[in-house]
2 protein chains.
Amino acid sequence: MEAVQDLPPGTAPGLRTKSQLQRRRRILQAAAALASRGGVEAMQMRTVAERAGVALGTLYRYFPSKMDLVVAVVGEELDMLESSIARRPPAAATPDGRAVDVLMRATRGLMREPELADALIRALILADVELPFGDRMAGLLVRVAGLSDGRATEEQGVLAASLGAVWVQELLEMLRGRRTYEDIQRRIEIAASRLLAEFPTSRVE
Amino acid sequence: MEAVQDLPPGTAPGLRTKSQLQRRRRILQAAAALASRGGVEAMQMRTVAERAGVALGTLYRYFPSKMDLVVAVVGEELDMLESSIARRPPAAATPDGRAVDVLMRATRGLMREPELADALIRALILADVELPFGDRMAGLLVRVAGLSDGRATEEQGVLAASLGAVWVQELLEMLRGRRTYEDIQRRIEIAASRLLAEFPTSRVE
DNA sequence: ACCGAAGTTAGAACGGATTCTACTAAGTGT
DNA sequence: ACACTTAGTAGAATCCGTTCTAACTTCGGT
């Protein structure tokens, strides 16, 4: 948990050779594939290593713990969400509408692989690691809500983070079978309308 | 072999003899004590059993998994919070003020035993178990916000649950060392003012 | 007082994450 | 090419949650 010196925990900084990048990719791919079947429990470190054609020790060199691995997988998913949003930005007229749009798009994405989603969300919450997940999601929401990109006020940041928290909670409830997609949509809309509607200062469409 | 029907997983229903109640109490106490030191990892099932003067198998008979044990410990903490609130209800004038009051009181309580808090929160979020935690906290907030006790509208429920989600998230951040008590207070106030201020019926200001 | 069911106990056994060891392969500077 | 640090491999070993076993108690009913 401590001595993580220069290995790539997050995205992929100092990987020297090409074969290392490929190893990393193979590992992440194997992990995601396994998780999207049986969930966390199917994604066993031995199995991931084997499936990635890598020794167990090597797997642990790349990802010091199972959590780190899961966090990395989540990071990739987030990348995909962000690029999807860049490709087709939310069109709703109001800030809260756009935020709901993004969150529900992410929800649909996760629902496609419920086992994976379950593993990811739980690991995220558990992680001791530096995970810019909340921050990243909040930043995404702030941006998407159409607020001044660079200079969101603290209040805006707090509100976006709050909406993110609510979303995560609802996802968890869904994974526990206590919410349907429609439930989540309705509830997120309610929360978003309170949290994000008409920001104090600037620009409304 | 299968039909293990009425063992006390949750609170404490059908415990026959007095000695069983005492065993249960000793177990919970040992668990809480251990967790309030080294956190989850210090609260090992073998250690709990030993410290409670009970065989490992017995521990597992009372609490079928570590999670169940943690959930039970949390339940006790919640009991204490609720009775504390009954004893000295929040005095603020507005619904959101009262909610903030309750949440910050709970926060202070948890801060007193950070390791315990950490273990509990994480386990709770992870738990597959039926845990009326979110519901219980949301119900508490609804009640405390001074809304019609029995007949909170769906919207009110959603908003209270949302505030609960935000609070849990902030607690997690605090346990990760990324928030101070003051941070949390400020952020919860911001979220609460949006989520709970001026419920349909009673408008202030 | 006795029987059978359910509760306890000490301890072994199992499974999966993580760590450790001893060894081999690859890359780098000279 | 040569020494050397670094990365990778196979597999044993360790740790902890959980399950299983076999014998011992406790308790309620008769």
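Accessible areas come from the Shrake-Rupley method with a 1.4 Å probe, and for residues only the protein chains shown count as cover. By that method chain A has an accessible surface of about 10100 Å², and carbon and sulfur atoms hold 52% of it. The model is predicted, so local features need pLDDT of at least 70 and side-chain atom pairs count only at pLDDT 80 or more, while totals for chains, interfaces and linings use all residues. Residues are numbered from 1 along each chain as its sequence is written, chains are lettered from A and ligands numbered from 1 in the order in which they are written, and side-chain values use heavy atoms, with hydrogens and water left out.

**Chain A overall**
- Chain A has 9 helices and 0 strands, these being DSSP runs numbered from the N terminus (helices H or I, at least four residues; strands E, at least two).
- Of the 205 residues in chain A, 47% are buried (under 20% relative accessible area, with exposed over 50% and partly exposed in between; 1.4 Å probe, protein chains only).
- Among the chain A contacts (heavy atoms within 4.5 Å) with a separation of 6 or more, 66% join residues 24 or more positions apart.

**Nonpolar core**
- A nonpolar core is a set of buried Ala, Val, Leu, Ile, Met, Phe, Trp, Tyr and Cys residues joined through side-chain atoms within 4.5 Å.
- The largest such core holds 128 residues, and A:Leu69, A:Trp167, B:Leu69 and B:Trp167 touch the most other members.
- Beyond its neighbours within four places in sequence, A:Leu69 has contacts that include A:Ile27, A:Met43, A:Val48 and A:Phe63.

**Helices 5 and 9 of chain B**
- The axes of helix 5 (residues 95-111) and helix 9 (residues 181-196) of chain B come within 9 Å and cross at roughly 150°.
- Helix 5 of chain B is therefore roughly antiparallel to helix 9 of chain B (angles over 145 degrees count as such).
- The crossing of helix 5 of chain B with helix 9 of chain B is right-handed (the near helix is turned clockwise from the far one by less than a right angle).
- Residues of helix 5 that meet helix 9 in chain B include B:Ala99, B:Leu103 and B:Met111.

- A:Ser65 lies in the loop between helix 3 (56-62) and helix 4 (66-87) of chain A.
- A:Ser65 counts as buried because its relative accessibility is 14%.
- Setting aside residues up to four places away in sequence, A:Ser65 touches A:Met45 and A:Tyr60.
- B:Arg187 sits in helix 9 of chain B and counts as buried at 13% relative accessibility.
- Leaving out neighbours within four places in sequence, B:Arg187 is in contact with A:Val158, A:Ala161, B:Glu170 and B:Arg179.

Methods
Axes are lines fitted to C-alpha atoms, for helices over the stretch in contact, and angles run from 0 to 180 degrees between N-to-C directions. Angles under 35 degrees count as roughly parallel, over 145 as roughly antiparallel, 65 to 115 as roughly perpendicular and the rest as oblique.
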